[in-house]
Amino acid sequence: MKLRRRAGIRHLLYHPWQLGLSLLGVALGVAVVVATGLAVESSRQALRVSVETVSGRATHRVVGGPGGVPDSLAARLGIGAGVRMLAPAVEGYVVSPVDPSRPLHILGIDPFSEAPFRPWLAGGPAADGVDGARLVTTPGGAILGAETASALGVEEGGRLVVQGGARTAVIEVVGILEAEDRWSRSGLLDLLVVDVAEAQEILGREGVVDRLDLILPPGEEGAALRARIEALLPAGTRVEAVGAEAGAMQDMLRAFDLNLRALSLLALVFGIFLIYNAMTFSVVQRRGMLGTLRALGTTRGELVRGILAEGAVVGFTGSVLGLLAGIVLGRGLVQLVTRTINDLYFVVAVEGVALSPGFLFRSLLLGTGATLLAALLPAWEAGSASPREAMARSSVEDRVRTLVPRAAVAGVIVLGVGAVLLALPTPGIEVAFGGLFALILGMALLIPVTTVVLVGFLRPAARRIAGVIGAMAARGVVTSLSRTAPALAALVVAVSVTVALGVMIQSFRGSVVGWLDTTLVADVHVTGPSVVAARPDGEIPPGLAGTARGFPGVVGVSSYRSVALQSGGVLTRLLAVELDPRGEAGFEFLAGGEVRDAVFAAFRAGEGFLVTEPFAFHRGLQVGDTLSLDGALDEEAGALERPVLAVFRDYGSEAGTVLLSRDLYDAHWTDERLTSLAIFLDGSGASEEEAARIASRLREAAGPDTPLVIRSNTELRERSLEVFDRAFEVTRVLRWLAFVVAFIAVFSALMALQLERRRELGVLRAQGMTPAQVWGLVSMQTGIMGGIAGLLALPVGAVLALVMILVVNRRSFGWTLEVDASPELFLQGVLLAVAGAILAGIYPSWRMARTSPAEALRGE
Amino acid sequence: MGVRGWVAAALAVVVAGAAVYLGTALLDAPERGEIRATLSAVEALAGEDTVGYARAEGPVPFDFPADHGPHPDYRTEWWYFTGNLAGEGGRRFGYQLTFFRNSLAPESAPRVSAWNTNQLWMAHLAVTDVEAGVHLHAERFGRGAVGLAGADSIPLRVWVGDWRLAETGEGDGSPFPLLLHAQEGDWGIELEVEGGKPPVLQGEAGWSRKGPEPGNASYYFSHTRMPTRGNIRLGGDAWEVEGDSWMDREWSTSALSEEHVGWDWFSLQLTREVEIMFFQLRREDGASDPLNHGVLVEPDGSYRSLEADDVTIEVLERWGSPLDGTEYPVAWRMRIPAEELDLRIRAPVVDQEMNLSVRYWEGAVDVEGERAGEVVGGVGFVEMTGYGG
């Protein structure tokens, strides 16, 4: 027993490169999963901390529509309903030129109402916390966390210019908060606490607050107070419970998170291949010793347990190393993920990575479990052979060959399951991913049989080209199928996934380009400085649309007002438009647009909504269905209900957008503000100079205190694609990480395979094969494998790409994409496979060519 | 140890190191919680700065009813109501309702937002139920903006949220009677307060010095006996009450000198319509301060000053706050030889500590003693600041 255990561990230590590769496989796989998990968890946690930081202990809040809650309501509730725990809040985002990539969260509060809500912000004449007096009376006075202050390079008393609100404002730091724990550090990150009056002015929200936070007692007392409050609320405002917000925001991220996690799991799958390979190798290599142990009386069970124990040690060690690497990698990845979330969803500031005991435990379990899973087959193999058989390599290969047809049958079944999962009419993303993984697994299982068949075809060709050595090389692939099959499968999966992701990204980009070409019909686009690239949260003076219409050369102006509305517990983005007829061309209807003129006439008349494709998808809406929006000023209905007139293509927002006519919007909400303008110029294809001229006139009209962001059609198009490319950076990084793991798996498998053939090659050398011929044999064999992998990866990649585009993406985000695949992507895949395989053959063949035959044969 | 040994050892070290790192990372992991942070680099309290405010630099004739209203040019101001009331069957109550106005800065920031202000309001409410030995107290803050808190002079109205004092009359030149309304949960007061005797101008014609430096003074007048009726709610019970209130009106920019650690303030309503106010500034060295000052009001409303030397106050008993053992006097002997007064003052409920954002003791007291050989009784209120917390 002791002997066996020592023999096992000794073996590993005496083959450090083998141990190293096994560890590397586990570690890399775990690292990618951990890094992705951390990035996702960190952003989620940051979101939760941020939401809880700003809502504090509030149980309820009074919110209004896009117009906000009128200032006067605070006193009406405080005096009229005797609400004691009531605190106003005004929130928004700005950036400092010091670091424009860092959106700063403005939280405007009344420090004298804060004590019950956010005790750390409570101010009073004798309170220990915030110096409320200075916050309230210092123009531009702000309090921020120490980390944020040092990141922005400001100190107590220092000043900071911020932009992105209604005007360029100067902040004066009146206090710096030193966080006492990590939660607080995270909550304070990029938060600028200012007085509510200051926030209103920075953000151009004079007269309204975003919400009035409330603490209502539980039970009947609270219900009675709530009823008293509700009796005093003006139309368009309402009381809602706090807590749903973070959940709703996290729901928005669900599909995004899931896609990232699924992608990272691929890396672990490749890692499992690697481990399987290394464990099999170590079993095969020790078959002599294992046979001896069996002959000495070690039972099968002991042997299996021994191999599994080795697997557990390797798996655990590798997982720990992988965790460390993953944490390092995660720190980088979290930046990318955060930026994408900021671009596409909402602003969230992430402070480091969020480690939790549960997460660490799960990661270790995943890594160790995956290793054990991979070691199961080799262990079973070592245990099932009789002592005599165990000492012979050929028996292993014999058994593997009998497994080939079984694997093929299993592969077909798994493929079938995958196809069924994908065809299910459920909208579940998990199901789609299940189907995708089943497809990948099924195809991997079919690889041995395909290889055998392909080699059958290749052998005559190889013989013709390279004679005996060619035939040997081709046959070698099949004779050592136990080793080549997993390596090939890993290579095929890696290459095909890389190809598929490439095709998916290309199709997506192609669709976005096409959409931009259709949508961007105006010549000049105007908006306010926006904190987040992809979201229209800037603001421009309401009068600017009329001013622009009066400019010579301007033939039409569409104006837009973008607002996020809490409706039915979910955030709905509304776009109120005053659409110039020229802008109608920018809509590509996917449903309901058969009679375009009729649709636009009804839309203008306020008879219905236009919704984007993702919106219709997420809400399960068809043309003609009624959509209801809460929070309208409509006293009787309490909600605005209209049918969906048409669904149009849009890649601007994953959650989707509802378009309504400005008149309809104005009839139901009090909000004069404007988000952007689209200006049409005289003459087709107006020149850039013309656009620049209009831009300078607009700036003049807006005045120096109102910064405008003005872009020509071309500039906006470029900017949009920039944001798109940035959004896919995470996917690209994961694609490459997965590929690197797969590459290492293949490389190590092929290298191990060739190193193991040392004696065989030694015999060949002894029989007169020259070193060059050995080199040729080895490279040719790995080259054949690379070629087979590349060939197989093409159809597999195409199928995976289609599944990703048509099923996964559609179910995750609700987007229909035009499939767009350039041949280069596929060619790249084949080259990648062949190059990787040949590279893997270089070291073993070099080493074999150098070794004298006598040395290679020694130990016989 | 061979190469393999080193490999194994190195691996073991790495794994152990990783375990330690992960362990410490976990210890630092955020928990679900609230922001805990301390404000660093707080400069000297803005409260000490008096530049830019109006100062009480000498007697100025009062202008009623306008001077019942706010004086926002001064840093602090208060409307201070205390009273001893009796309910059915003689059940005795004390109450305090005070509105404090605080200027946070001489000027408000240059903003157009309706929330903009430099005024912070605070109100304290207390009810003492002597029979039950209960003292309830509460506090509110309000920003002097968007109607959350504020004050108007004519007609007089001062409010912090729904706690308020308001003129009920017809604007006949006098703000009285006043309505005092303050409810905290299931307890509170609703009282109508008459003007009673004419106002007593404290100090020199209403200019009350609180420190040797010029300007360390307040404008200060009192209504010393104000017939009061209304009701007090405590839990599910409500009592019709009746009795006398005392109102102190004071505004200033800097009232206390640095050498003073606090003050004791007595307002006593004796039988036979005599009232006494006396405050003593407590110095760090424990000595009596020459600025200690008071007033004695005769039944006809005439009054005369009581100087520091006229009054001796001896503490008879102390009570330790259960919060932290801070000791407050709760029984005194006050002698005013020139007036032939010898009074024993005692708090019927010792725990009338106001544990609010400003911690002090303020409560109803009983008075027994004699004046010129005749037995006098009475009730009153005592306020003591600077003892603890």
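Which residue with a positive phi follows α3(A)? Let's work through that and a few more exercises together.

This is a predicted model, where local features need pLDDT of at least 70, side-chain atom pairs count only at pLDDT 80 or more, and totals for chains, interfaces and linings use all residues. Residues are numbered from 1 along each chain as its sequence is written, chains are lettered from A and ligands numbered from 1 in the order in which they are written, and side-chain values use heavy atoms, leaving out hydrogens and water.

**Exercise 1. Explore helix α3 of chain A and what follows it.**

Step 1: The opening question has its solution in A:G82, which follows α3(A) and has a positive phi near 60°. Helices (H or I, at least four residues) and strands (E, at least two) are DSSP runs, numbered from the N terminus.

Step 2: Look for the buried residues of α3(A), residues 72–80: they are A:L73, A:A74, A:A75, A:L77 and A:G78. Buried means under 20% relative accessible area, exposed over 50% and partly exposed in between (1.4 Å probe, protein chains only).

Step 3: Find their partners. These buried residues pack against β1 (60–63), β2 (69–70), β3 (86–94), β10 (211–214) and α8 (219–232) of chain A.

**Exercise 2. Describe how helices α24 and α26 of chain A meet.**

Step 1: Start with the axes, which are lines fitted to C-alpha atoms, for helices over the stretch in contact, with angles from 0 to 180 degrees between N-to-C directions. Those of α24(A) (residues 758–766) and α26(A) (residues 823–850) come within 10 Å and cross at roughly 45°.

Step 2: Name the arrangement. This angle makes α24(A) oblique to α26(A). Angles under 35 degrees count as roughly parallel, over 145 as roughly antiparallel, 65 to 115 as roughly perpendicular and the rest as oblique.

Step 3: List the residues in contact (heavy atoms within 4.5 Å). On α24(A) they are A:R758, A:L761, A:G762 and A:R765, and on α26(A) they are A:R847, A:M848 and A:A849.

Step 4: Sort them by class: three are nonpolar, one is polar and three are charged. Here Ala, Val, Leu, Ile, Met, Phe, Trp, Tyr, Cys and Pro count as nonpolar, Asp, Glu, Lys and Arg as charged, and the others, Gly among them, as polar.

**Exercise 3. Examine some backbone features in the loops.**

Step 1: One joins B:I154 and B:P155, with omega about -5°, and B:P155 lies in the loop between β6 (149–152) and β7 (157–160) of chain B. Another runs from B:F176 to B:P177, with omega near -5°.

Step 2: Turn to phi. A:D190 is not a glycine, although its phi is positive, about 60°. A:D190 sits in the loop between α6 (182–188) and β8 (191–195) of chain A and is buried, with a relative accessible area of 6%.
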